[in-house]
Amino acid sequence: MRRRSGGGSGVVPAVASVVVPGLGQLINGEGDKALGVFAVWGIAGLGFIGAIPLIGTVAAVVGGATWVYAVADGYVTGRKK
């Protein structure tokens, strides 16, 4: 595989993670990490909407932090490839 001198572009995985957290990791070839990010985000989302009672605010913070992590990780890992 031939590498460009500036490294890869992490923009596509980052944008994909903005749409669906974990999708950027999947694009970068990190299936296990993608599944983990999506699972945490999904469970936090269920807690926020009330499907899992008593943890709404905490779930919102965890879900938001997971989303930001997914975008940043998708960008950084995409740049390394």
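Predicted model: local features only at pLDDT ≥ 70, side-chain atom pairs only at ≥ 80, totals over all residues.
**Notebook: helix α1 and its partners**

I began with the pair α1 and α4, which are roughly antiparallel to each other (an angle over 145 degrees counts as that). Their axes come within 7 Å and cross at roughly 165°; axes here are lines fitted to C-alpha atoms over the stretch in contact, with angles from 0 to 180 degrees between N-to-C directions.

Numbering runs from 1 along each chain, and side-chain values use heavy atoms, without hydrogens or water.

Next I looked up who touches whom (contact: heavy atoms within 4.5 Å). From α1, Val11, Pro13, Ala14, Ser17 and Val18 meet Trp67, Ala70, Val71, Gly74, Tyr75 and Gly78 of α4. By class I get eight nonpolar, three polar and no charged residues, with Gly counted as polar.

Then I checked burial along α1, residues 11-19 (helices are DSSP runs of H or I, at least four residues). Pro13, Ala14, Ala16 and Ser17 are buried, meaning under 20% relative accessible area with a 1.4 Å probe, protein chains only. They span an arc of only 160° around the axis, so they lie on the same side of α1. Val12 and Val19, on the other side, are exposed (over 50%). The cover over the buried residues includes α2 (23-27) and α4 (56-80).

Last, I looked at Gln25, which is in α2. I find Gln25 buried, at 0% relative accessible area. Beyond its neighbours within four places in sequence, Gln25 has contacts including Ser17, Tyr69, Ala70 and Gly74.

Terms used
Helix = DSSP H or I, 4+ residues; strand = E, 2+ residues; numbered from the N terminus. Arc of directions from axis to C-beta. Parallel < 35°, antiparallel > 145°, perpendicular 65-115°, else oblique.
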